[in-house]
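Colleague: I would like to learn how to read a fold. Can we take it feature by feature?

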Amino acid sequence: MSDSLNANREHFNKIAADYDKRHEKGVGQLEDEIKASAEEFIGLKQGGRVLDYACGTGLLSRAFASRASQSIGIDLAESMVEAYNAKAKSEGTFPDKKEAYLGNITLPGDPSPEAFSDPKFYNFDLAGVGAGFHHFDDTTLSAKRLSERLKAGGVLFILDFLPHAPEATGAYGVTHHGFTEDNVRKMFEDAGCGGEFAFKKLKEPIVFWAGEKGDRRMERSVFLARGAKL
Ligand SMILES: C[S@@+](CC[C@H](N)C(=O)[O-])C[C@H]1O[C@@H](n2cnc3c(N)ncnc32)[C@H](O)[C@@H]1O
């Protein structure tokens, strides 16, 4: 595992139990924004199947719950997967409507991980990543791996940050200090998901409380991007 993958796993395992409480306001704002954008901007069809990659506690799965027939989460941090599944169990949506699995489909040396070879991990109507791309080592490779999981015409969707000043956040597994619209369009095109590409910036920046103790104020301008698999 690369240093940044180890850092991600260690960091998110440590903060999983606290994640929703710590980010209650910011994550709540994002959830509302995605919910409001699900139909027209993102284009998730009613009854579609969703891959919530780097799912954490399940922000995208919650935001898409009223349109999706099923959401499958994948995350490399055990405690995040446990938190996702505990929530789904308490809502009564586990496992048919929501279930998360431990793993990583973005490793350069493992293009088709055995653990994700079952047909249920393919043919999604939407593959989405909430605030995960800035943690990935190779974002273009990650976009390609997500694209392979989509059916033709399926939607690749990401929510992430616009470029911001670099911070010493390597210990938390941050590998990219935001993305421009051109970066993201190219990533989508290289992944074969450039169809009807759309990008929007949220009006207000979002405040997150980062770091191991949740005491580092982090203000980020957020974008949503979507493109269809050609
Ligand atoms: C900032 S959190 C976002 C969680 C959730 N998507 C959300 O929007 O609240 C980033 C998540 O990405 C996961 N992660 C980072 N790199 C990953 C990778 N290569 N594969 C799978 N999960 C990854 C982390 O474990 C963590 O749960």
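Colleague: Which residue stands opposite Phe157 in S5?

Modeller: Strands of a sheet pair through backbone hydrogen bonds, either parallel or antiparallel. Here Gly128 stands opposite Phe157 in S5. Strand S4 (residues 124-130) and S5 run parallel, joined by six bridges. Strands (E, at least two residues) and helices (H or I, at least four) are DSSP runs, numbered from the N terminus. Two strands pair if DSSP finds at least two bridges between them. This is a predicted model: local features need pLDDT of at least 70, side-chain atom pairs count only at pLDDT 80 or more, and totals for chains, interfaces and linings use all residues. Residues are numbered from 1 along each chain as its sequence is written.

Colleague: What is the order of the strands in the open sheet?

Modeller: The seven strands run S3-S2-S1-S4-S5-S9-S6, with mixed pairing. Strand S3 (98-102) and strand S6 (195-201) are the edges, each pairing on one side only.

Colleague: Which strands does helix H6 touch?

Modeller: Helix H6 (residues 139-148) packs on the sheet and touches strand S1 (48-53), S4 and S5. Contact means C-beta atoms, placed from the backbone, within 7 Å. The direction of H6 makes about 145° with that of S5. Axes are lines fitted to C-alpha atoms, for helices over the stretch in contact, and angles run from 0 to 180 degrees between N-to-C directions.

Colleague: How many residues are in the largest nonpolar core?

Modeller: In soluble globular proteins, nonpolar side chains tend to be buried together. The largest core here has 57 residues. Strand S5 (residues 150-161) gives the largest share, seven residues. Such a core is a set of buried Ala, Val, Leu, Ile, Met, Phe, Trp, Tyr and Cys residues joined through C-beta atoms within 7 Å. Met80 is one of the residues with the most contacts inside the core. Not counting residues up to four places away in sequence, Met80 touches Phe12, Ala16, Cys55, Gly56, Thr57 and Asp75.

Colleague: What is the phi of Ala54?

Modeller: Most residues other than glycine have a negative phi, and most peptide bonds are trans. Ala54 has a positive phi of about 55°. Ala54 lies in the loop between S1 and helix H4 (59-63).

Colleague: Is Ala54 buried or exposed?

Modeller: Ala54 is buried because 26 other C-beta atoms lie within 10 Å. Buried means 20 or more such atoms within 10 Å, exposed 12 or fewer, partly exposed in between, with C-beta atoms placed from the backbone.

Colleague: Which peptide bond is cis?

Modeller: The bond from Phe94 to Pro95 is cis, with omega near 0°. Pro95 lies in the loop between H5 and S3.

Key. Contact = placed C-beta atoms within 7 Å.
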